[in-house]
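Take a slow look at the model below before reading on. We'll go through its strands, then a pair of helices, then a pocket.

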Amino acid sequence: AWQRSRSQVERVGIAKSAYYPTLDASASISERFGDTAVPGAERQTQLGLNSQWLLWDFGGRRASLNSTQQTLAALQASQDSASQQVAISAVQNWFAQLSARASLEAAQASLLAAEETAKAARQRQLIGVATREDELQAETALAQAQLTVIQRQGELAASAGRLAVVAGYAADTPLVLDYQDNELDKLRQNASAQPPALKQLLTLAQERRPELIAQQLRVQANTSELDRIAAQARPKLSLSASNSSSRNDLSQSQSGQVALTATLPLFTGFQQRHQEALAQSQIAEQSIELSRIQQQVSLDVWLAWQQFSTAQARIAATDSLLAAASESSRAALARYRAGLGNLLNVLNAQSSLADARQQHARSRFDLAAARLQLAQASGLLVRDTAMEFRP
């Protein structure tokens, strides 16, 4: 995207060059031979200087320059969009890495609980207050917890590879996330702050989303292109000047000319009409695309708002869920050890606790990622002006 903007800057420079005169120099040396050659005049040297300057073309150059400048602005807006997508992908993958690590820690905590339950079941079976079935059920739950840890380790490795690639490294490059727990707590507190109202975000998105701005500029560029084509059917006024010198052994001559030329196209084989029809069709096509992007932008904001609201509500819910599941698991295991409960209640409680831990681990980072997504959908991410090109 950056290179496309850079290329377009040069196209703007090319469009500006139409306002300047052109200057050409020519030189030739000729040698005549044969029966018709005049003695002393066989070799002739000629030098020439020619200049052309388009003085007036009824807006053709201006329309061409406007079109290239608007295309440049559209490319810069597209560059903003691409930059935002790269940044969002990096941050979201960073959150995904932290979330995967938290999920692994939750799975490891559930594994310790399963080991403790299996140990209690074996002890009860040894003293004859539990059946072999209880021990097998506890061993099954332990094996399931071990599989969950293996799965979470794989998810953590996969997220690490995605993060490395987004950061511009090979997938197997180990990256160390430099962060402190208090920084994450502060980030989560900031993410829990209430954003602007939905209606305000919808309005901001229509004004600031870079891909929407880029499409609006494409429509304007096509309109300017139509103006340029229309100007081709109008007269052009140009100034030309030339000066030449010719010399041989017998004589020397010099001549010059200044001319003011008006040109009016009369018939171009209907090319003008077809070009204008093509330009109008392209304007209509880009206008339809503009309407589609406007609808997509509003949908992006709506979905991001709902995602953020859901993630925000999940924070308090998962806190309560984790607290209740932890207490239930502790109580069930204590009753089982005391011989007052059955193993099925313990396993159900631990399964609920494992699920609560997973949801709690992911919800902490889902909220921050959802807030970032809402900012991008609403066009609130800061533009990087250092990457812009100005012709």
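How many bridges join strand S1 to strand S2? There are 10 bridges between S1 (residues 22-31) and S2 (residues 43-56), and the two strands run antiparallel. Before we go further: this is a predicted model, where local features need pLDDT of at least 70, side-chain atom pairs count only at pLDDT 80 or more, and totals for chains, interfaces and linings use all residues. Residues are numbered from 1 along each chain as its sequence is written, and side-chain values use heavy atoms, with hydrogens and water left out.

A word on terms: strands (E, at least two residues) and helices (H or I, at least four) are DSSP runs numbered from the N terminus, and two strands pair if DSSP finds at least two bridges between them. Here are the pairings side by side.

| Pair | Bridges | Direction |
|---|---|---|
| S1 and S2 | 10 bridges | antiparallel |
| S2 and S3 (residues 236-247) | 11 bridges | antiparallel |
| S3 and S4 (residues 252-263) | 12 bridges | antiparallel |

You can trace these pairings residue by residue. Asp24 stands opposite Asn50 in S2. Thr45 faces Arg247 in S3, and Arg247 also stands opposite Gln252 in S4. Trp56 has Leu237 in S3 as its bridge partner. S3 and S4 form a hairpin, with 4 residues between them.

Now for the helices. The axes of H7 (residues 271-337) and H8 come within 6 Å and cross at roughly 160 degrees; axes are lines fitted to C-alpha atoms, for helices over the stretch in contact, and angles run from 0 to 180 degrees between N-to-C directions. That crossing makes H7 roughly antiparallel to H8 (the label for angles over 145 degrees). Their contact has 21 nonpolar, 13 polar and 7 charged residues. Nonpolar means Ala, Val, Leu, Ile, Met, Phe, Trp, Tyr, Cys and Pro; charged means Asp, Glu, Lys and Arg; the others, Gly among them, are polar.

Last stop, the largest pocket, with a volume of about 360 Å³. On a 1 Å grid over the protein atoms alone, a pocket is an open set of points where a 1.4 Å probe fits, with protein on both sides within 12 Å along at least five of seven lines, and lining residues have an atom within 4 Å of a point. The volume is the space filled by probe spheres set on the points, which are joined across faces, edges and corners. Of the 17 lining residues, the closest to the centre are Ser110, Ala145, Gln350, Ser351 and Ala354. H2 (60-126), H3 (132-166) and H8 (343-377) each give two or more residues to the lining, with the largest share, 8 residues, coming from H8.

How values were computed:
Parallel < 35°, antiparallel > 145°, perpendicular 65-115°, else oblique.
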